[in-house]
Every structure is written in structure tokens, then in C-alpha cells.
Amino acid sequence: KDAIDSALNQTFKDLEIIIVDDGSTDKTVQIVKSYGNKVTYIFQEHKGASAARNRGIREAQGNLIAFLDSDDIWYPHKIEKQIEAIRRTEAGMVHSARYHVDIIEKTPPLLLPLYPAKSSEDLLSGNTTISMTVLIRKDVLLKAGFFDENLRTTEDYDLWLRVAKSEKIVFTQEPLMECRFHSGNISDVAQQRYIDRTRVYTKMLRDKDKR
């Protein structure tokens with residue numbers, strides 16, 4: 001509900017909000033239906049985050065795409081400021097700073113990334129992340145390909161590397177969203193993340209693209 005509310009409360013109002021329910025067994029459907037026609041609800045059998053995001057991309061009617069996981073929230077000016085950045089720079093994708101908030105331990109919010117990513121070299125350095133803060137042109141997504149549904153984690157890293165091969169990426173220093181973490185977050189699965197990142201690098205070598 002917090003995630004949906006943060007999308008509805010954007011200062012930029014010309015939004016299509018698509019919720020892909022990836023086989024949930026909680027009260028997601030009841031919560032979403034309480035919003036009526038303000039959102040579009042799609043249910044699919046559980047296939048993982050990549051498949052859910054790909055379904056949303058395919059269903060979207062707009063020419064710009066943003067992603068919001070169920071744990072996270074956008075700040076009110078998130079979309080407006082990122083649209084301004086894309087128009088000003090003619091970039092294919094923009095990402096922003098974000099706060100990481102541990103909702104269990106209640107530790108002080110952590111401001112990330114320490115180093116912004118503006119190229120494939122930045123991404124490959126290992127010192128930076130883009131996460132799901134992006135606003136990206138739909139034609140760029142279609143050109144780069146969708147999220148790899150064979151990856152259980154790091155699917156975003158894999159896609160941003162492909163985008164960075166041919167598109168300009170810009171970064172906004174102002175934190176525009178809050179990523180909330182707890183013990184159930186998939187990003188905590190360190191071993192799987194290591195395996196999947198190895199697969200990403202193997203794909204790059206197979207394609208003879210070492211950028």
C-alpha cells in the first residue's frame with residue numbers, strides 16, 4: 001500500500017500505474033482492488049521479479065518506464081525530476097540517489113550510491129549500483145532486451161550493462177526514493193547474487209563484449 005500511495009502521490013500526474021502480482025498469497029489483491037480504476041492489476045503465476053517486470057513493460061502504454069518494488073517508496077517529485085533530466089540531457093536512462101532504510105533494525109538511513117554510474121565502465125568497476133531508481137525510455141528497453149528471466153538476482157545489473165553499451169546514462173544527486181530492507185528481501189541472498197553476477201560476466205564474454 002505504501003508503494004502504491006507513493007506512485008499515486010507523484011507531482012507528475014500523467015501516469016499509468018501497473019501492478020503485476022507475481023503469484024502472491026497475501027492480501028495484495030484486496031489492497032489493490034481498493035484503489036479501483038486508479039491502477040491496473042495483473043495477476044500471473046509466480047515466475048520471479050524479472051518476469052513480473054517484463055510483463056509490466058509489455059503492458060505499458062507510455063514511452064517512459066519506471067519500476068517500483070513492493071517494499072519501496074517514491075518521493076513525490078521523483079518522476080517529475082527524472083523526466084526533466086531526460087529532456088534536458090536527451091539520455092536514454094536516468095537514475096538517482098536513494099536512501100536505504102532497514103525497517104527492522106531502525107538504523108540511520110544510508111545514502112547510496114557512493115559513486116554514480118554513467119557508463120558500462122562505472123558499472124563494471126564494482127563500486128557503484130543503479131538499483132531500481134531508474135526512469136528509462138521504452139524504446140531503449142526494447143533495444144537492449146528485457147530482464148533476463150533466468151537470473152534470480154542481479155537481473156537489473158545485467159540489463160543496465162546492456163543499456164550502457166549504446167545509451168547515455170545520467171545521474172541526479174538528489175535522493176528520489178527510499179529502498180526499504182528486511183530479512184526477507186531477495187537482495188540479502190548473497191550466495192545467489194554471486195552466482196548470478198558470474199553468469200552476467202560469462203554472458204558478456206560469450207558475446208565478446210568486455211566493456
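Here are some questions and answers about the packing inside this predicted model.

User: Is helix H7 mostly buried or exposed?

Analyst: Buried is anything under 20% relative accessible area. In H7, residues 155–164, that applies to 10 of the 10 residues, so the helix is largely enclosed by the rest of the structure. The list includes Glu155, Asp156 and Arg162 as well as Leu159, Trp160 and Val163. So the answer for H7 is buried.

User: How many aromatic pairs does the structure hold, and what is the geometry of Phe67 with Phe147?

Analyst: The structure has 2 aromatic pairs. For Phe67 and Phe147, the ring centres are 5.4 Å apart and the planes sit at 80°. Planes over 60 degrees apart count as edge-to-face, so with its 80° this pair is edge-to-face.

User: How many residues apart are Phe67 and Phe147?

Analyst: Phe67 is in the loop between strands E3 (64–66) and E4 (73–74), while Phe147 is in the loop between helices H6 (138–144) and H7. Their pair links distant parts of the chain, and the separation is 80 residues.

User: Is Phe147 buried or exposed, and what about Phe67?

Analyst: The cut-off for buried is under 20%. Phe147 has a relative accessible area of 3%, so it counts as buried. Phe67 comes in at 8%, so the call for Phe67 is buried too.

User: Which arginine lies over the face of Phe147, and which one sits over Phe146?

Analyst: Over Phe146, the charged end of Arg58 is 4.5 Å from the ring centre. Over the face of Phe147, the distance to the ring centre is 5.5 Å, and the residue there is Arg53.

User: Which element gives the largest share of the largest nonpolar core?

Analyst: That core has 23 residues, and those with the most contacts inside it are Phe67, Met93, Leu123, Ile136, Trp160 and Val163. The elements giving two or more residues to it are H6 and H7. The largest share, 6 residues, comes from H7.

User: Which residue in E7 stands opposite Met93?

Analyst: Strand E5 (residues 93–102) and strand E7 (residues 135–137) pair in the antiparallel sense over 2 bridges. Leaving out residues up to four places away in sequence, Met93 touches Ile130, Val134, Leu135, Ile136, Trp160, Val163, Lys168, Ile169 and Val170. Its opposite number in E7 is Ile136.

User: How many bridges join E5 to E8?

Analyst: E5 has 8 of its 10 residues buried, so this strand is largely enclosed by the rest of the structure. E5 joins E6 (residues 110–112) through 3 antiparallel bridges, with Arg98 opposite Leu112. E5 and E8 (residues 169–181) run parallel, and Val94 has Val170 as its bridge partner there. The number of bridges between E5 and E8 is 9.

Technical notes
Residues are numbered from 1 along each chain as its sequence is written. This is a predicted model: local features need pLDDT of at least 70, side-chain atom pairs count only at pLDDT 80 or more; totals for chains, interfaces and linings use all residues. Side-chain values use heavy atoms; hydrogens and water are left out. Buried means under 20% relative accessible area, exposed over 50%, partly exposed in between (1.4 Å probe, protein chains only). Helices (H or I, at least four residues) and strands (E, at least two) are DSSP runs, numbered from the N terminus. Rings of Phe, Tyr and Trp (its six-membered ring) pair if their centres lie within 6.5 Å; planes under 30 degrees apart count as stacked, over 60 as edge-to-face and the rest as tilted. A charge sits over a ring if NZ of Lys or CZ of Arg is within 6 Å of the ring centre and within 35 degrees of the ring normal. A nonpolar core is a set of buried Ala, Val, Leu, Ile, Met, Phe, Trp, Tyr and Cys residues joined through side-chain atoms within 4.5 Å. Contact means heavy atoms within 4.5 Å. Two strands pair if DSSP finds at least two bridges between them.
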